[in-house]
Amino acid sequence: MPTDGPRVIGLLGGMSWESSAEYYRLANELVRERLGGLHSARLVLASVDFADVERLQAAGRWEDAGRLLAEAARGVEAAGAEMLLLCTNTMHVVADQVQAAVSVPLLHLADATAAAVRRDGLTTVGLLGTTFTMEKAFYRDRLAAHGLDVLVPDAGDRALVHRVIYSELCLGIVDPASRQAYREVIERLVAAGAQGVVLGCTEIELLIGDEDSAVAVYPTTRLHVEAAVARSLEGFAQP
């Protein structure tokens with residue numbers, strides 16, 4: 001049955017706002033492509049102060065960070081969101097805590113990414129992201145639950161990838177030297193057996209694209225938004 005309109009997408013962003021801006025842009029572009037004319041996405045956005053979140057990350061205070069995001073998520077739901085996107089890979093470490101705070105579904109970023117990888121028939125992927133995402137089990141295990149083998153860079157490469165995210169990309173700095181360094185990290189993952197590479201930090205898409213890798217790259221921001229827009233427009237018949 002057609003709905004009265006597209007479902008409202010809730011964005012919990014600000015981590016960093018550089019990538020949250022991409023979420024907003026992509027959602028509107030994808031809706032316009034699907035519906036044409038002057039159509040745009042129905043969105044609610046809450047943007048937290050990343051400095052507060054980063055301090056909790058650095059201190060290992062994940063439960064406190066989860067409470068902060070859960071409170072923001074409740075505000076997004078109260079504003080009319082019918083689904084929730086946590087616009088950051090790293091903070092999916094508290095995805096269950098955030099989901100428990102709201103009654104609308106949280107669309108898990110790793111699920112959307114894994115679905116795209118599986119559609120392409122791949123079984124082994126390299127993972128780039130913050131050290132939290134690459135080293136903690138929460139993200140790798142979620143991908144593995146979809147039947148994927150996950151490779152991560154060695155310790156030196158993990159430190160490099162993390163440093164570029166926080167000291168450059170989150171500040172809007174896109175350095176060609178860092179792009180080349182990432183290309184070399186990707187080459188080493190491919191040599192280790194990666195059939196594709198998951199850009200498991202929403203900022204990495206600001207630096208790396210298909211042209212930077214000999215194998216497929218999976219841009220998690222775009223894949224997350226594509227899944228949300230598909231859900232938003234399910235059953236919607238344009239008048």
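Guide: A disulfide here is a pair of cysteine sulfur atoms within 2.5 Å. By that test, the structure holds zero disulfides. Before we dig in, bear in mind that this is a predicted model, where local features need pLDDT of at least 70, side-chain atom pairs count only at pLDDT 80 or more, and totals for chains, interfaces and linings use all residues. Residues are numbered from 1 along each chain as its sequence is written, and side-chain values use heavy atoms, with hydrogens and water left out.

Back to the cysteines. For Cys-87, the closest cysteine sulfur is in Cys-201, and at 12 Å that is too far for a bond. Cys-170 also has the sulfur of Cys-201 as its closest cysteine sulfur, and there the gap of 6.0 Å is too far for a bond. Cys-87 is buried at 1% relative accessibility, and Cys-170 is buried too, at 12%. "Buried" means under 20% relative accessible area, "exposed" means over 50%, and "partly exposed" is in between, with a 1.4 Å probe and protein chains only.

A cavity is a set of points, on a 1 Å grid over the protein atoms alone, where a 1.4 Å probe fits but cannot get out; its lining residues have an atom within 4 Å of a point. The grid points are joined across faces, edges and corners, and the volume is the space filled by probe spheres set on the points. There is one cavity of 30 Å³ or more. The largest cavity comes out at about 80 Å³. It has 14 lining residues, and the closest to its centre are Met-15, Phe-50, Thr-88, Thr-90 and Tyr-166. Two elements give two or more residues to that lining: helix 2 (50-58) and helix 8 (155-167). Helices (H or I, at least four residues) and strands (E, at least two) are DSSP runs, numbered from the N terminus.

The cavity lies between domain 1 (9-109 + 223-233) and domain 2 (110-220), because both give residues to its lining. Those domain bounds come from an automatic or database domain assignment.

A cis peptide bond joins Met-15 to Ser-16, with omega about 0 degrees. Ser-16 sits in the loop between strand 1 (9-13) and helix 1 (17-35).

Gln-97 belongs to helix 4 (residues 95-100) and is partly exposed at 26%. Gln-97 and Arg-67, 30 residues apart in sequence, are 7.5 Å apart C-alpha to C-alpha.

From Val-174 to Glu-234 is 36 Å, C-alpha to C-alpha. Pro-176 is in helix 9 (residues 176-191) and is exposed, at 58%.

Last stop: helix 10 (residues 220-233), whose 14 residues reach 20 Å from first C-alpha to last, close to the 20 Å expected at 1.5 Å a residue. That expected span is 1.5 Å times one less than the number of residues. Its buried residues are Thr-220, Thr-221, Leu-223, His-224, Val-225, Ala-228, Val-229, Ser-232 and Leu-233. In an α-helix there are 3.6 residues a turn, so residues three or four places apart point the same way. After helix 10 comes Gly-235, with a positive phi near 75 degrees.

Note on methods: On a 1 Å grid over the protein atoms alone, a cavity is a set of points where a 1.4 Å probe fits but cannot get out, and a pocket is an open set with protein on both sides within 12 Å along at least five of seven lines; lining residues have an atom within 4 Å of a point.
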